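Please read it alongside the sequence and the model.

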Amino acid sequence: MDVDSEPGAGKVVVARDKTAPFLIRTFVKIGGFHRLTLFEDGTLPTTDEHQIFTWRDATLKEILTTLRNTSPHVAEFKHPLARFSFKAVYADSASKGRFTQKDLGMVYSRDILGEPGSHGVTAPRLLLEDEEGGGGAAANRDSEHPVPREREERTLDDLRFVPGDYIMVSVILPKGANVPTELSIKGSGANAIGGGGGGPPGWRSGPSQSSGPPAGRGGGGHWRGESNAPLFGGRGRGGRGGRDRDRDRDADYDRRVPPPRRHDSPPPRSGGGWGARGGRGGGGGRSRSRSRSRSRSRSPPRRRGSSRENMSVPLITPLLKSSPVAEKINTARERERKSHWWLKVVIAGVATFALVSLGLSHYRYGSIIGTPSTATPSVLFPASTTGKLEECPAHDGPKPASPPAPYNPWAYLQQHETADIQAWLESNPPHLGLNLNLTKASQAAISDNAVYNIETFYPPKEEALAYLDDPENVERPRKYARVTIHHGGERVPCVRDYVVGPLPLRVGNGSRSRGSGRVGGWTEVDVKPLEEIYHRPVIPYNARGLEDLVEAFRFIEGVVEPIRDAMKDLFGGVWDGENDTLTAGPGGPWSYDGSFRRAWVTWRYNVAGSFLVPINFYNYVEMSGTDPSLWKILRIVYHNQIFPSTESFLEAYRNGSLVRHPPPIIPRQKENEVKRQLEWTSRKRTGEPRDLDHLPGPRAVSFAGPRFRVDRELQGERVFYQLAPQEAIAQYAGADPIQSSTAWLDRYFGMGILVRNLIPHYDCPHEALFLPAETFHAAMGGHIRRDRAICVFEMDTGKPITRHVGDVEGEMGAVKGYVLVVRSVSTVGNYDYLFDYIFHLDGTIEVKVAASGYLQGGYWTEKQRDYGYNLSKFSMGNMHDHVINFKVDLDIAGTSNSLLKTTMAQEEVTLPWADDDWGNTVVQQRVTREYVATEDDSRVQYAKNFQGMYAIVNKDRLNKWGNPRGYAIQPGLSPIRNTVVGSKRLENNANWAKYNLAVTRRKETEPSSSCMWNLHLSGAPVVDFDRFFDGESLDQEDLVVWVNVGTHHLPHAEDSPNTKTNIATSGFMLTPYNYFDSDPSMESMNAIILHPPKPGSTDPGEAFDFHDYGVKQDFHCVPRPPTPFRYDAERPVFGDREESGGGVPGVPGEDGRGGGYDKAMIGAAYDKIRSVLHPLRIRTGI
């Protein structure tokens, strides 16, 4: 390594053109540092890791600049008021190799921001320093005594940093600061890609006004990315720290094995812009460098015969192999900054791709943008030996859609709407006459009246279609909200739904009062009970939803207290609410008719995948009523030994009559051995690496950019109005109290509310467009937003949709099989449900549901053999059925439709042309068509051997060949129905699961086949599906098809640790059935027709001529690199004002502008989300 000492400073200066940089693994966290224990046990926080390469003479400002350039998607890096605190983490020999941390210093965001200036214009910030300091920077450059800011600008060498150490960075934002989402900041990813191009002045975004600062130390920045650092920035507070190992560092720089590193140095500097040490043009030797800043930031070297405009900024990553640096480097530059994908999603009204309520009644999504590729590239694209590679055509995302109307009648409620509704109801307006007497949801106990859920209440279909068909002349439907209130404070507690509206509640200038009418800004609000969609007027309180979980946790802690020592002795684990080694989860349902609320609870080891490690210990728990002090354990079962009370169990335990069994793990073993026994339930990779598996797999690339738009019609007509899941059951079997009594209805937990952010690159391809979803739910902390709730992408199926190769001209060719996929994932406790809506070129709409996640495992004994397979010595997978119900509201050439039943049967006929060789009779199939007349005959099961089908057709609208136009319902993979019929736990609350499909007349009073309250009311459900069928005619009426999919799941060893989506999958298809006159996929230009050689050809291997309609399938270009991986948690939404002001969301202050949001409230909301979605959810079985 070539090292010099800079004259006059005594600093080490690395000859970077001759010295390879070393790798620094940097871990960044917002608002604090990572815990040292993460480094001690080897579980590094890799999700927050940023890998950079640099030299010993780099400063903290240079490291920060590199982090900003390599991670432009991290908004906090861009904040102009941010502070960045640096610490080194290393294994200290003086502490026997334990990890230690040391402060390195602090850098302020403003120290690396500002205009860089140019050859002829001094940087504005330097002019300001000149004015304020009497000569400022210019004067101090030649002064013997540098200013303090320059003196504090220490290098890694000054800070005694050793290659191989880690760096932790804490990003500290000022109180109440808002994180910018898209700022054009110097040094950020928005302007760092490309040839160092500078941006416009200030913070405004816009096209670059110049090709960038000149090469050299002050303006160009680090050779991995532009910094535009000021000449005298820096407030680094790095110190030497006083640790023992520092005494020997100068003499022992290489005592550790360095990490893998790039063998090649940056491009060598030569004449022109850099000079010997990099100056502004010319030779700029070392003497000139003494008049510059001591920052080690540099611009990329300037090659002979090349220009800055043709050079992009390389970003070094460990993916790069050892090779000479390319002559030219291609990246997406200014257009990368503009590559936001805008997509107008037209929801359901008259749209082919309309998914009205993707996640049941609790799930809404909107027409917000996604940004699938907005980050600086992180991989180099070297130029070819013949010249610069062509980049793929620039694009701004999917093509604009054509929404049928400017207003979306089904849009989810936004934060300000839910806040207004909640605040207005909690103000208990007296004019309503409902005596709500509400307590704020954040403060309510189960014995209070409180708002539980708020969501959009869909308008009547007739009103919605009238508006969408003629939005210019028809008034848009009024918007209403559906509000669920837990009335725990009433004499007879109950649950009620209300319709509140019209929205918005606020009008005028935003000033609001609490009266009725339009006085002070409130609209005239109507609140009425929602009863017409239910089959019982009152919902029992014992069937209520999952409210605040604090009281449930306290209850469990209380009932466990007497048996805690016995549990520790028998199982080697404890549950104390703090250091839990055991965890609990209930089965369900908890009530038959609402007269009680009791649940069997199973105990498991609290490890990753705890669902798979029960301990064969069960409690039957009383949770009825609103007074937790009356809740108690009614029964205890330990290894099939039944005890009617806690006292009887303890008596048997103490007097020795309890037959003890060894626990699944040995409590007295070492902790590492215990972990080893249970690590099979974790998702950590196991086994030896497979051959070539260290390489990333293939991925699809849209070389010509995205080709889809979500539009309103299929060839000018609406196909369906609503396509949405309604309910999902999971009914188990086994020889223990949990498995034998569990029959979940997952809508109770809210499959839409539990939609999670998708994992980019894994849940969806890297080019997918992501869309957000927002919900309001009291148990989740209020209004929650998921930025990646839905993804949309086009996919090549890998097989043609049609093809044929024959011998006759005109019959040879193929059509590419492209599909458009819309996907979301709901995680309901242990299971993850992947919902796919797949749109094919021929008009087919495919619906698929796949399950993954963990089994609800049982404890293995020989008595369980008839109910599944053992997965380990003590664990098993119990058999169960999954059945998911979908609502399909088809509108075939209008809303007047009929149900056509087609069957195929065997016949024997005598044919006049039959000869004596075969006899005069023929056995063959015959088709029979008939219309199902009434609802009473429409609950059906698929024909044996699938010798038949059902279709929704319009008898009055015929295709060119005289057949009624329609769409058929085709079974896909695993078209099952529920196996067990007659169980009290599914007596009447899931009657829809008895059939493969059913058809009813559409009614506004029958919006769904189920509801969230049905789980705990199997004997007297709120929605009884069988009561939909009352003999009404199905002849040319507006019809709804209820379709079931699912799997008979008999788990086996390969289902551990997680069920696989390729096996546990099911679906159905809606296929055109004489809807067209011929195959519409023949319209595709992504097709080819082959022309066979002309007759008389003498070459047997002569190539065919072909016609590809001008669409070249061998078209290629250099695609933009995919967005670096990042996964974000769900987040609470509080609106625009989050400053501390003592206000309540949505409640107006004295100024009439609305209240502030207490930071404690925001923190509490995050904690509540974590408690529901993360480890604590296991305890309550969510």
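A residue is called buried under 20% relative accessible area, exposed over 50% and partly exposed in between, with a 1.4 Å probe and protein chains only. The model is predicted: local features need pLDDT of at least 70, side-chain atom pairs count only at pLDDT 80 or more, and totals for chains, interfaces and linings use all residues. Residues are numbered from 1 along each chain as its sequence is written, and side-chain values use heavy atoms, leaving out hydrogens and water.

**Annotated positions**
- An unreviewed UniProt entry lists D746 and Y831 under "active site"; such annotations may be inferred rather than shown by experiment.
- Although these positions are spread over 86 residues of sequence, their largest C-alpha distance is 10.1 Å.
- D746 counts as buried because its relative accessibility is 5%.
- Y831 is buried too, at 3% relative accessible area.
- Contact means heavy atoms within 4.5 Å; beyond four places in sequence, D746 touches E727, A728, M751, V828 and Y833.
- With the same exclusion, the contacts of Y831 include Y732, H880, H882 and H1049.

**Strand β8**
- Strands are DSSP runs (E, at least two residues) numbered from the N terminus, and two strands pair if DSSP finds at least two bridges between them.
- Eight of the nine residues of β8 (residues 449-457) are buried, so the rest of the structure largely encloses this strand.
- β8 pairs antiparallel with β9 (residues 479-487) over eight bridges, and N453 stands opposite T484.
- β8 also pairs antiparallel with β20 (residues 769-777) over two bridges, where I454 has F776 as its bridge partner.

Definitions and conventions:
Helix = DSSP H or I, 4+ residues; strand = E, 2+ residues; numbered from the N terminus.
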